[in-house]
Amino acid sequence: MIDIAILGATGYTALELIKLLLRHPQVRITAVTSRQEGRPEVSSVHPSLVGRLNLPLEDLSPEEVGSRAECVFSCLPHCTSAEIVPSLLATGAKVIDFSADYRLDDAASYLEWYGHHHPDAARLGATVYGLPELFRSQIPTAWLIANPGCYATSAILPLAPLLHSQLFMADDIIVDSKSGVSGAGRSPKLMTHFPECNESMSAYNVGRHRHTPEIEQVIGRSTGLTPQIIFTPQLAPMDRGILSTIYIKPKKAVAEGDVMTILRDAYANERFVRIVDHLPATKDVADTNFCDITARVVRGRVLLISCLDNLVKGAAGAAVQNLNCLYGLPESMGLL
Ligand SMILES: NC(=O)c1ccc[n+]([C@@H]2O[C@H](COP(=O)([O-])OP(=O)(O)OC[C@H]3O[C@@H](n4cnc5c(N)ncnc54)[C@H](OP(=O)(O)O)[C@@H]3O)[C@@H](O)[C@H]2O)c1
């Protein structure tokens, strides 16, 4: 059994992770952390866990966490996570980090997009990006895994095979994405306040969303290209799910069937990427670790449409996939 600790256990992604790990036959959750005082039961914060996980929420030091677990999932906000990860690694624990702190290649990009000097900059660019479909071979020997961003996964999975084929222009890509409100986390914010977002849709962070450099850098890493992406996130009045519509230009006219063949060939052996003929919907992948993708050719331009559950393939499910790769377990264990 692998002893697991979860940091930031009161949040949305942590709850999803706990539910997945409770079904996983090879793990035992030994610690869940929170800044809340008084060691409340985790089920008092997440009532869906009553009778399923009897553990108190504790405000533990990294050393205490490391003494209880060999693998730690950090479900903390960015900037907070990188303050703690070095001390966790020093205890000998492996870390899967949900935050964006180790996803970018360099400290200058982190400062530009996150507005903070990175406290552990030496690990940037040297940390494995935990998207098994692209970087599987790097995962088993890693100590720290940067779990991908939810929007980023919905864009990288459809784009990477096309750009890898060299048949498409890398410098003219539009990613238009809609996300459910849980993507913003559990802490109350004006934008996610019920009367603000219910029965309403809005774009946000236009031209400056932090997943832009992540998508560009990760695709660059896997294809050797320098993609330029206009990424427009929008908030949709639903709890969970991401739908991305991606516009990319072929260098020469291309048939829809050929685009689908590129996608099918790339993901033929991937359990969690489904290349589908129909137009996928967020409901098709809700509560699952699947990313559904299709392609259309419209007026010479290729449209890629992808969808996933931001809390599962976009966060906790991807993290369990990474855990399985890290420990040599079947990749779908606990996920189907
Ligand atoms: N939501 C998604 O769809 C999604 C998808 C992919 C990645 N992520 C990333 O995963 C991480 C967790 O996301 P989430 O949606 O689960 O967030 P969340 O619901 O806001 O939970 C984060 C938890 O971290 C704890 N925390 C510890 N230090 C904190 C601090 N300084 N400021 C605020 N909270 C602090 C909080 O618990 P206490 O107050 O009890 O201490 C909070 O419940 C984030 O880095 C996020 O960017 C989220």
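**One residue, then the whole chain**

Author: In this predicted model, Ala-236 is in contact with Lys-178, Ser-179, Gly-180 and Met-201, once neighbours within four places in sequence are set aside.

Reader: And where does Ala-236 sit?
Author: Ala-236 belongs to the loop that runs between strand 10 (229-235) and strand 11 (242-250).

Reader: How far is Ala-236 from Lys-178, going by C-alpha atoms?
Author: Their C-alpha atoms are separated by 5.8 Å, although the two residues are 58 residues apart along the chain.

Reader: Is Ala-236 buried or exposed, and why?
Author: Ala-236 counts as buried because it has 20 C-beta neighbours inside 10 Å, and 20 is the number from which a residue is called buried.

Reader: Okay, zooming out, how many helices and strands are there in the protein?
Author: The protein contains twelve helices and 14 strands, and along the principal axes its C-alpha atoms fill a box of roughly 60 × 45 × 40 Å.

Reader: What does the radius of gyration say about the protein?
Author: For 336 residues a compact globule would have a radius of gyration near 20 Å, and the protein has 19 Å, so the value agrees with that expectation. Buried residues make up 49% of the 336 residues, and among contacts with a separation of 6 or more, 68% are between residues 24 or more positions apart.

Reader: Which domains does the assignment give?
Author: The assignment gives domain 1 (2-148 + 314-326) and domain 2 (151-310), and their C-alpha centres lie 24 Å apart.

Reader: How many residues are in contact between domain 1 and domain 2?
Author: On the domain 1 side 19 residues are in contact with 23 residues of domain 2. Helix 12 gives the most to that side of domain 1, with five residues, and by class the side has eleven nonpolar, five polar and three charged residues.

Reader: Switching topic, which residues are closest to the ligand?
Author: The ligand is surrounded by 27 residues, of which the closest are Gly-8, Gly-11, Ser-99, Gly-185 and Arg-186.

Reader: You mentioned helix 1, so how many of its residues are buried?
Author: Nine of the eleven residues of helix 1 are buried, so the helix is mostly covered; among them are Tyr-12, Glu-16 and Leu-17. The cover over these buried residues includes strand 1 (2-7), strand 2 (27-33), strand 4 (71-74) and helix 12.

Reader: And what about the largest nonpolar core, which residues have the most contacts inside it?
Author: That core has 99 residues, and those with the most contacts inside it are Ile-6, Leu-17, Phe-73, Ile-156, Leu-159 and Ala-319. Helix 7 (residues 150-164) gives the most to this core, with ten residues, and the core draws at least three residues from each of domain 1 and domain 2.

Reader: Last one, what does Phe-73 touch?
Author: Leaving out residues up to four places away in sequence, Phe-73 touches Ile-4, Ile-6, Leu-7, Leu-17, Ile-96, Phe-98 and Ala-319.

Terms used. Residues numbered from 1 in each chain as written. Predicted model: local features only at pLDDT ≥ 70, side-chain atom pairs only at ≥ 80, totals over all residues. Near = placed C-beta within 6 Å. Helix = DSSP H or I, 4+ residues; strand = E, 2+ residues; numbered from the N terminus. Buried ≥ 20, exposed ≤ 12 C-beta atoms within 10 Å, placed from the backbone. Contact = placed C-beta atoms within 7 Å. Rg over C-alpha atoms; globule rule 2.2 N^0.38 Å. Domains from an automatic or database assignment. Nonpolar A, V, L, I, M, F, W, Y, C, P; charged D, E, K, R; others polar. Core = buried A, V, L, I, M, F, W, Y, C linked by C-beta atoms within 7 Å.
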